[in-house]
Amino acid sequence: MTNSPEVLLVLLASAAVGAIFSSTAPDMGQKGITERYLQIKPKILFVDSEVLYGGRNQDLRGKVSSVVRSLQSAGGDLKKVVVTKGGLKGTMPHMQARLRE
């Protein structure tokens, strides 16, 4: 997620329940994001589907989908993905389905 009030809420909620909070910059590549999150094995991801960069909206849905698929195929513990800023718009159907329990 980008630097926003929503990310602060996620950080505070994580601290309140004793969870690990980690973030990545939207301009990081899919491989770097996946490698970071494989180390901590997240159960929940909070992600932005778009970001304002250079005065233009950049669509992150493809990158998010790739990261989620990589985390799932690596045998992680991912159970839920919470998408903000723009929603799914039909391009990430595997994220609409129930993730592994």
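This is a predicted model: local features need pLDDT of at least 70, side-chain atom pairs count only at pLDDT 80 or more; totals for chains, interfaces and linings use all residues.
Leucine 52 stands opposite asparagine 57 in S3. Two residues sit between the strands of this hairpin, and I noted that glycine 54 takes a positive phi near 65° there.

Next I checked another positive phi. Lysine 41 has one of about 50°, although it is not a glycine. Most residues other than glycine have a negative phi, so I marked this one for a second look. I found lysine 41 in the loop between H2 and S1.

Then I turned to the inside. Which residues make up the largest nonpolar core? I listed 12 residues in all: Ile33, Tyr37, Leu45, Val47, Val51, Leu60, Val64, Val67, Val68, Leu71, Leu78 and Val81. Helix H2 (30–40), strand S1 (44–48) and helix H3 (61–73) are the elements that give two or more residues to this core. H3 supplies the largest share, four residues. As a general reminder to myself, nonpolar side chains tend to be buried together in soluble globular proteins.

Last, I looked up lysine 85, in the loop between strand S4 (80–84) and helix H4 (93–96). Is lysine 85 buried, partly exposed or exposed? Its relative accessibility is 37%, so I count lysine 85 as partly exposed. Leaving aside neighbours within four places in sequence, I see lysine 85 in contact with Thr2, Ser4, Asp48, Ser49 and Glu50. For serine 49, I also noted the C-alpha separation from lysine 85: 5.6 Å, with the two residues 36 apart along the chain.

Technical notes
Residues are numbered from 1 along each chain as its sequence is written. Side-chain values use heavy atoms; hydrogens and water are left out. Buried means under 20% relative accessible area, exposed over 50%, partly exposed in between (1.4 Å probe, protein chains only). Contact means heavy atoms within 4.5 Å. A nonpolar core is a set of buried Ala, Val, Leu, Ile, Met, Phe, Trp, Tyr and Cys residues joined through side-chain atoms within 4.5 Å. Two strands pair if DSSP finds at least two bridges between them.
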